[in-house]
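Student: Please take a close look at one part of this model for me: the aromatic ring pairs. Then carry on from there to whatever lies around them in the chain.

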Amino acid sequence: IFNNVNADVFDLKDVKLNLKVNNGIGIDGRLDLKQLTSYNTKKNKTVNLSGAALNNPFLINRAIDPNGWPGPVTYSPTQLSLNDNNSNVSAFISNLPDKITTAATLYTNPQGNVTNYNDFIYYKDGIKLDLDFEMPLNFMADNLSLCDTVVASINKADISKIKSAVISLFADNGMPLDATLSIYMLNSNNQIIDSLLHQRTI
C-alpha cells in the first residue's frame with residue numbers, strides 16, 4: 001500500500017478501515033478472520049490487527065435472485081468497519097505496510113439449510129472483496145519521504161542525437177509542510193549514478 005513512503009517515525013490517529021464484501025451467490029456465509037498482518041518489508045516490521053471487532057464472526061448475507069435463471073441477481077453488500085474503538089487499526093496502518101496478508105476461513109450456510117434447498121450460484125457471479133481505509137490529514141512523522149522511479153524510454157540511437165537538454169520540473173506543494181526535492185539518475189541495477197537535483201526546497 002505504502003510502497004513509495006518511508007519514515008523513521010509515523011503515527012496516525014482516528015484511522016477507519018472497511019472490509020467490504022459484495023455477495024453475488026445465493027448462499028449465506030460466515031467469515032472467521034484469523035489474522036490480518038501489515039508488513040513493512042523495508043524496516044522488517046509487522047503489526048497484527050487485533051481488537052474486539054475481530055472476535056465475532058463476520059456474517060455475509062446471500063444474494064437475491066428475483067427473476068431466476070439466468071438472472072441478473074441482486075448482490076448483497078456487507079461491511080466490517082474497524083476504528084480505534086474496536087481495534088488497533090491506527091497502529092496497523094501507521095506501520096506503513098507495503099504488503100498485507102490475511103488468514104481466514106469462509107463457511108457457507110452457517111445456519112444450515114434455511115432456504116429448503118433453494119441456494120443458487122451462477123458462473124458469471126461471485127464474491128467481491130474490497131479493503132479501503134480513511135485517515136485524517138493529522139499525523140506525526142519524522143524524516144518522512146516519498147519516493148518513486150520513472151523509467152526513461154530513450155534508446156541509444158536517440159541519445160546519440162542529443163547535443164544539449166533542459167529538464168524543467170514544476171512542483172506545487174499544497175500541503176502545510178515544507179519539503180525538499182531530489183532527483184537522481186539510476187542504472188539498470190537501481191544504483192545512483194548522477195544527481196540532477198539535490199534537496200531543493202518546495
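Tutor: This is a predicted model, and the count of aromatic pairs in it comes to two. Start with tryptophan 69 and tyrosine 122. Their ring centres lie 5.1 Å apart and their planes meet at 70°; over 60 counts as edge-to-face, so that is the label for this pair.

Phenylalanine 120 counts as buried, at 14% relative accessibility. Taken together, ring pairs link Trp69, Phe120 and Tyr122 into a cluster.

Now look at the backbone beside the tryptophan. The peptide bond from tryptophan 69 to proline 70 is cis, with omega near 5°. Proline 70 is also found in the loop between β6 and β7. For context, most peptide bonds are trans, and most residues other than glycine have a negative phi.

Asparagine 116 is found in the loop between β8 and β9. Its phi is positive, about 55°, although the residue is not a glycine. Asparagine 116 is exposed, with a relative accessible area of 56%.

Threonine 115 is placed in the loop between β8 (99-108) and β9 (127-134). Its side chain joins that of aspartate 119 through a polar contact of 2.9 Å. Threonine 115 and isoleucine 25 are 90 residues apart along the chain, yet 13 Å separates their C-alpha atoms.

Another asparagine has a positive phi. Asparagine 190 has phi near 60°. Its place is the loop between β12 (180-186) and β13 (192-201). At 57% relative accessibility, asparagine 190 counts as exposed.

A polar atom of its side chain lies 2.9 Å from the backbone oxygen of asparagine 83. The serine 87 side chain also makes a polar contact of 3.5 Å with the side chain of asparagine 86. Leaving out residues up to four places away in sequence, serine 87 touches Leu49, Ser50, Gly51 and Leu82.

A search of the whole structure finds one cavity of 30 Å³ or more. The largest cavity has a volume of about 40 Å³. Its lining includes Leu31, Asp32, Leu33 and Phe58. Strand β4 (residues 29-40) gives the most to that lining, with three residues. By class, the lining has six nonpolar residues, one polar and one charged.

Terms used:
Residues numbered from 1 in each chain as written. Predicted model: local features only at pLDDT ≥ 70, side-chain atom pairs only at ≥ 80, totals over all residues. Heavy atoms only, no water. Polar contact = N/O pair within 3.5 Å; in protein donor to acceptor, adjacent residues only side chain to side chain. Contact = heavy atoms within 4.5 Å. 1 Å grid on protein atoms, 1.4 Å probe; cavity = no way out; pocket = protein on both sides within 12 Å on 5 of 7 lines; lining within 4 Å. Points joined across faces, edges and corners; volume = space filled by probe spheres on them. Helix = DSSP H or I, 4+ residues; strand = E, 2+ residues; numbered from the N terminus. Nonpolar A, V, L, I, M, F, W, Y, C, P; charged D, E, K, R; others polar. Phe/Tyr/Trp six-rings, centres within 6.5 Å; stacked < 30°, edge-to-face > 60°. Buried < 20%, exposed > 50% of the residue type's maximum accessible area, 1.4 Å probe, protein only.
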